[in-house]
Amino acid sequence: MGNAPTRSHAPTVVKGSRKEDAEHCRPRLKKKAGKAFRSGRFLDAIRITNQLNSLIDPNKEPTEYAVNLDFLGKSYYEMGDLDDAMKVLKQAMAMKQQHFPPNSPEIAKTLSNIGCIFKERGEYEQSLYLLQQALEINQQHDKTSLTCAIRLTSMAIDLQQLGRQQEAIDCHLEAIKIKKEKAPESITLARSYISLANMLCHSKNPVNQQQAKKLLYKAKQIAETQKDAATLVASLTNLGHAYKHAADYHRAIDFYRQALQ
């Protein structure tokens, strides 16, 4: 993973004009950390977020400090450092539970992020439990939000891994319904189509297999429109799988070749 970033979260005491300078640079650092994260430079995001939190007194601004810890934990997760991600996210959760209302979306966010770590470790029961808690909080604010849809999609993955196929399909369908309304041509919708199709194409039911192909063609169309190469490759590859399951090997090979181009 390269050189380990500084992992001290203790606040730095800032006096006089240095304190004023710190106040002015905090928004800039937050913006830089977000930009680094979005561009996949997770080590930079970690370094900058540690620098940002060194300018904050957690006793005076606990909510801001906790939100930054959550972002830091997510950055560790994206870098593949699950142990540090869990450590930091547990710190964030402890602070959020003290300083945010119990139904705050901030608490739901950290529950979901911790759930992702359990999912990555293959601990699907624990992941599902935390995601259900997060979903219940988010639904108190808006049952048809994209955040709820994303929670449902993540829950569907856990349910599928636990062998609860119909529940997984139901979660996917509910998520797709929301995404079609809120973000009809989005990559997140295309990925939901792919996830559900992947389940359906393994079914021995010809109707389900046909439905899987329709979903994958929709995902392919969105990926082409949005020029998202990764989602397009996933769509083409899964179309190859779908036709292979249907014993249409010529078309399967054609889609596999397109995916490799």
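Begin by selecting isoleucine 178, which is found in helix H8, residues 165-182; helices are DSSP runs of H or I with at least four residues, and strands are runs of E with at least two, numbered from the N terminus. The model is predicted, so local features need pLDDT of at least 70 and side-chain atom pairs count only at pLDDT 80 or more, while totals for chains, interfaces and linings use all residues. Residues are numbered from 1 along each chain as its sequence is written, and side-chain values use heavy atoms, with hydrogens and water left out.

Isoleucine 178 is buried, because its relative accessible area is 6% (buried means under 20%, exposed over 50%, and partly exposed in between, with a 1.4 Å probe and protein chains only). Next, display the contacts of isoleucine 178, where contact means heavy atoms within 4.5 Å. Leaving aside residues up to four places away in sequence, isoleucine 178 touches Lys143, Thr144, Ser145, Leu146, Ala149 and Leu152. Then select proline 27: from isoleucine 178 it is 151 residues away in sequence and 33 Å away in space, C-alpha to C-alpha.

Turn now to the aromatic rings. The whole structure holds 4 aromatic pairs; rings of Phe, Tyr and Trp (its six-membered ring) pair if their centres lie within 6.5 Å, and planes under 30 degrees apart count as stacked, over 60 as edge-to-face and the rest as tilted. Select phenylalanine 37 and phenylalanine 42: their ring centres are 5.3 Å apart and their planes stand at 70°, so this pair is edge-to-face. Phenylalanine 37 is buried at 16% relative accessible area, and phenylalanine 42 counts as buried at 18%.

Phenylalanine 71 is partly exposed, with a relative accessible area of 24%.

Finally, show the largest pocket, whose volume is about 1,000 Å³. A pocket is an open set of points on a 1 Å grid over the protein atoms alone where a 1.4 Å probe fits, with protein on both sides within 12 Å along at least five of seven lines; lining residues have an atom within 4 Å of a point. Grid points are joined across faces, edges and corners, and the volume is the space filled by probe spheres set on them. Of the 38 lining residues, select Lys74, Glu78, Asn113, Cys116 and Ile150, the closest to the centre of the largest pocket.
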